[in-house]
Amino acid sequence: PLLTRSTRSVRPTQAGGALAERLAPLLDDARSAMEAVASASGRVSGPLRLNVPKAVMVDILPPLIERFLQRYPGVSVEIMVEDRFVDGIAAGCHAGIRYGEALEQDMISVPLGPRRQRIALAAAPSYLEARGVPGHPRDVPDHDCLLVRFSSGAVPPWSFERGEESHVITPPGRLTLSAAAGEALIGHTLAGRGLIYLFANWLKPHLDDGRLVPVLSDWWPEFDGPRLYFPNRHVPAPLRAFLDLVAEDRNSGSTIE
């Protein structure tokens with residue numbers, strides 16, 4: 001038997017799992033051959049499936065996807081948004097996007113979007129007027145803090161860096177929302193509910209129009225931008241076309257955001 005069935009689920013037996021693992025490369029070869037035939041006319045066509053974190057879905061990936069869809073009308077794109085570190089390739093995707101996680105040895109990764117990013121601390125002017133402006137990271141726990149909880153259950157600490165000095169704060173949560181509700185958390189910040197610690201590029205429109213005020217901006221940590229990863233073999237035509245578009249974007253000179 002290859003499958004174990006119950007009233008609620010179907011799972012592979014040990015033999016079924018071993019067979020699926022052995023067959024996976026053959027199925028990949030067959031899929032790649034079919035996609036190559038579909039694109040043999042010189043017209044890129046077929047599916048492109050990406051596994052990505054929510055962090056790139058605000059302003060990094062959507063513009064690329066828009067340009068890609070316009071340039072290649074024969075390609076259909078499916079995006080799986082996943083905040084946990086999962087093997088997107090094993091989940092049936094052609095490529096994935098991640099921040100700094102370790103990848104399998106048979107994977108290739110290339111930068112996508114800004115080479116460097118920052119995490120920003122900010123608040124509404126009304127909140128800072130009522131509660132004062134933190135002068136140092138150690139003042140942050142005395143404030144109302146709006147937190148993000150990942151789907152894994154983890155609430156990340158807040159890190160601050162300036163020169164050789166660094167501080168890691170476990171802030172008290174006045175309000176905690178899941179990572180999928182980042183826009184709602186920004187809305188509560190705009191309403192004056194507390195400090196928010198989030199991607200600077202997410203907050204930039206509100207910082208630019210003054211609805212949010214930067215806090216401790218000389219302490220904002222920087223980190224490497226996201227990377228697109230894919231297997232070191234069988235790059236189908238739609239993924240190759242997307243990689244070319246990513247290279248174009250990279251050569252245009254994205255910097256710290």
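This is a predicted model: local features need pLDDT of at least 70, side-chain atom pairs count only at pLDDT 80 or more; totals for chains, interfaces and linings use all residues.
Modeller: Residues are numbered from 1 along each chain as its sequence is written, and side-chain values use heavy atoms, with hydrogens and water left out.

Biologist: How do you know where in the protein chain confidence is lowest and where it is highest?
Modeller: We read pLDDT, which is the predictor's confidence in each residue, from 0 to 100. The mean for the protein chain is 87, and 88% of its residues reach 70 or more. Confidence is lowest in helix α1 (residues 14-38), at a mean of 76, and highest in β13, at 98.

Biologist: What makes β5 and β15 a pair of strands?
Modeller: Helices (H or I, at least four residues) and strands (E, at least two) are DSSP runs, numbered from the N terminus, and two strands pair if DSSP finds at least two bridges between them. Three bridges join β5 (residues 95-98) to β15 (residues 227-231), so the two strands meet the definition of a pair. They run antiparallel, and in β15 the bridge partner of G96 is Y229.

Biologist: Why are β4 and β6 called edge strands?
Modeller: Five strands form an open sheet in the order β4-β3-β5-β15-β6, with mixed pairing. The strands β4 (75-81) and β6 (107-111) each pair on one side only, and these are the edge strands. Neighbouring strands of this sheet are turned by 25° against each other on average, direction ignored, where axes are lines fitted to C-alpha atoms, for helices over the stretch in contact, and angles run from 0 to 180 degrees between N-to-C directions.

Biologist: Which helices lie against these strands?
Modeller: Helix α2 (residues 61-71) lies across β3 (46-52), β4 and β5, running at about 165° to β4. Helix α6 (residues 237-251) packs on the sheet and touches β3, β4, β5, β6 and β15, its direction making about 55° with that of β3.

Biologist: Why is I169 called buried?
Modeller: Buried means under 20% relative accessible area, exposed means over 50%, and partly exposed is in between (1.4 Å probe, protein chains only). I169 has a relative accessible area of 11%, and therefore it counts as buried. This residue sits in strand β10 (residues 165-169). With contact meaning heavy atoms within 4.5 Å, and leaving aside neighbours within four places in sequence, I169 is in contact with P137, P141, P157, W158 and F160.

Biologist: What makes H206 buried rather than exposed?
Modeller: The relative accessibility of H206 is 18%, so this residue counts as buried. H206 is found in helix α5, and, neighbours within four places in sequence aside, it is in contact with I186, L190, R211 and L212. In helix α5 (residues 200-208) the buried residues are A200, N201, W202, L203, H206 and L207, and what covers them includes β7 (116-123), α4 (182-190), β12 (195-199) and β13 (213-214).

Biologist: Why are K204 and D208 separated by about one helical turn?
Modeller: They are four residues apart in helix α5, which means that about one helical turn separates them. K204 is partly exposed, with a relative accessible area of 43%, while D208, at 55%, is exposed. Elsewhere, salt bridges that share partners join R67, R71, E248 and D249 into one network.

Key. A salt bridge is a side-chain nitrogen of Lys or Arg within 4 Å of a carboxyl oxygen of Asp or Glu.
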